[in-house]
Amino acid sequence: MMNGHWAINQNILVIEDDAGTIESLSAMDIYAWKVKGKGNPRLEEVEDPESVLDKLSFSKVACNYGLLLTKGNEGIELSTFVGGSQDKRCISPLSVSLSDHIILDDTWHYIQNCDSIQDLLRKCGLEKRNRINVAEYIKLVNAATRYADVILEDETDQHPDCVSTNTEVPSNISASLYPYQETGNKWLEYMTEQKCGCILADEMGLGKTLQIIALIAKRQSVEHGHYLVIAPVSLLENWKREFQKFSKGISVYVHHGYGRRGDYEVFLNYDVTVTSYGTIGTDLSMFQMVDWDLAVLDEAQNIKNPESQRTRNVKSLSRRMSISVTGTPFENHITDLWSLMDFSLPGAFGKLTEFESEITDDIEGAKTIEKTLTPMMLRRKVKDVGNDLPDRVDIDLPVTMDNDEAGLYEQIRQDTINEYGGKAAPLVALQKLRMYCTHPSLLGYGNKESSKFAMVSNLINEIASYEEKMLLFTSYNGMFPIFEQLGAGQNIPTFLINGSTPVEDRQRIIDRFSDVSGAALMVLNPRAAGVGLNITAANRVIHYNPEWNPALEDQASARSYRRGQERNVFIYHVFYANTVEEVINDRVEHKRNMFSTAIVGVDGKSESEDITRALLMSPGWESQS
């Protein structure tokens, strides 16, 4: 054109013709012509009837764009500004196209980082976007760290505690949530509304499972969908029972074991499918045929290794939303976090090689990712929400046997029938099956794995990560060297008290246990150490195998839950589901509820005969109280 006249349009120097057509120029053209006195000679032909140029001064000092994030009524507002952090000038929404120069106070400035800003917004898919959701916010904040010349001012306060959604607990939940769980439920709903995957990282015992169930129940009450829960094998039964206990009208299918269906359409017949990490790998093609509304990873630290096949399997699933659930989001390396973040919000944190090159595996690296991790991770500790909890929290932990374990359990049952028959079989079976459920090595199967022991090992390790002390009760002395070895392997100070421990030594052992700074494990036989001892240094109690006598269990729990205990006490009752352990657990709980914890419970000799005889008749029994 070049035959128009100079004009200022939206703080930019342009050429405008008589018809009002505007031609924009690059900053380099203007700078070279006006500041350096060379460049495009045709610009000299442009008329300046209103002395636009005479009114302007041309700075040789370049400016930079900054990005400003603020919290509006309907989401996060994104705009640009020129100037420093303390002097934000000419704030504009991104609906206005960015230019590489600007006029401020009658002074023309070249903006040197315009290309970087445009490249950043283009990579994040945010060109000309004034409002963004939390997922886009996290992606933008993370990507901005890769641009040395990009200024990003964040005034949103995207901490999870700042969520103000007025969400009510859904009517299809049959549970009362503690205040912090209500907050968690609001936050989870807010994140899903914002299309942002997240990490629920509350400490163990704070009810992460219930918060996920409440979220799914609310979403199902609004719009029907298909939800996938992936957990370690040992926790499948627990998820099924928690759904049955706390939700109304939500159908749950556990896809695991030899009897599982072989066509993907079975998933579409249920609201929730629960499966294991191993089964995902085996039946990956089936799971990939469903577009899941939400995929939940329980014990998500299982994918901390970004290169493992397990991690690749779960990340290959088609899903609209992803939530990682773990009490230990960070175990050894910063890349542990990257893997969880990448599952929860795919692609937002770049490739692993980029992450490793930019984030150091140390405290400074942790500080660097805090800005993007904080908005997508909710983590509450017991010490922070203890006032919401009762003094004592009892938690049932039903464990699922894997196929091999269940097969051996059934073999022992059948062999007992064949060998003993008659009246002797029930009592012999009771003892053998209890020992097998405690640990296969107690029956001479030293080469067999134990899902229950593996789960409790993880439980001990997680409690130790909180620097807390724990008591573990088991009535089988054969377990003491096993747990002692486990403690040594996890570098957890471990102390033992059983019937062979001299009475005069027991208090000294407790004193040494109490004096440990940080985590420690005390393994006790409930008959030898279930009364008379004060061990309030521990606030976590694990009953590794159920006892026939409810008073024996409760007296053991009272070693920690007693006068002088100043913290919430968590008591875990561990048992194999659909085994003799569940029979014992149910019968004892029934007696506890009928009478009181002070009654003298059964010893397993008289009542157990009828129970075990029924158990021996069929492997498909169901526990009854």
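**Exercise 1.** Work out which hand the crossing of α3 and α4 has, and which residues make the contact.

*Solution.* Start with the hand: α3 and α4 cross in a right-handed way (a crossing is left-handed if the near helix is turned anticlockwise from the far one by less than a right angle, and right-handed if clockwise). Next, the geometry: the axes of α3 (residues 114-123) and α4 (residues 134-144) come within 10 Å and cross at roughly 140°. That makes α3 oblique to α4 (under 35 degrees is roughly parallel, over 145 roughly antiparallel, 65 to 115 roughly perpendicular, and the rest oblique). Then the contact: α3 brings Leu120, Leu121 and Lys123, while α4 brings Lys139, Leu140, Ala143 and Ala144 (contact means heavy atoms within 4.5 Å). Sorted by class, that's 5 nonpolar, no polar and 2 charged.

Before going on: this is a predicted model, where local features need pLDDT of at least 70 and side-chain atom pairs count only at pLDDT 80 or more, while totals for chains, interfaces and linings use all residues. Residues are numbered from 1 along each chain as its sequence is written, and side-chain values use heavy atoms, with hydrogens and water left out.

**Exercise 2.** Describe how α12 and α14 pack: at what angle do they cross, and with which hand?

*Solution.* First, the axes of α12 and α14 come within 11 Å and cross at roughly 15°. The two helices are therefore roughly parallel to each other. The hand of this crossing is left-handed. For the contact, look at Ile334, Leu337 and Met341 in α12, which meet Gly365, Ala366, Ile369, Thr372 and Leu373 in α14. The tally is 6 nonpolar, 2 polar and no charged residues.

**Exercise 3.** Find out which helix gives the most to the lining of the second largest pocket.

*Solution.* Begin with the volume, about 800 Å³ for the second largest pocket. Its lining has 40 residues, with Glu203, Arg379, Lys381, Ser465 and Tyr466 lying nearest the centre. Elements giving two or more residues are α12 (334-344), α14 (363-373), α15 (382-385) and α18 (451-465). The top contributor is α14, with 6 residues. By class, the lining splits into 15 nonpolar, 12 polar and 13 charged residues.

Technical notes
Axes fitted to C-alpha atoms, helices over the stretch in contact; angles between N-to-C directions. Helix = DSSP H or I, 4+ residues; strand = E, 2+ residues; numbered from the N terminus. Nonpolar A, V, L, I, M, F, W, Y, C, P; charged D, E, K, R; others polar. 1 Å grid on protein atoms, 1.4 Å probe; cavity = no way out; pocket = protein on both sides within 12 Å on 5 of 7 lines; lining within 4 Å. Points joined across faces, edges and corners; volume = space filled by probe spheres on them.
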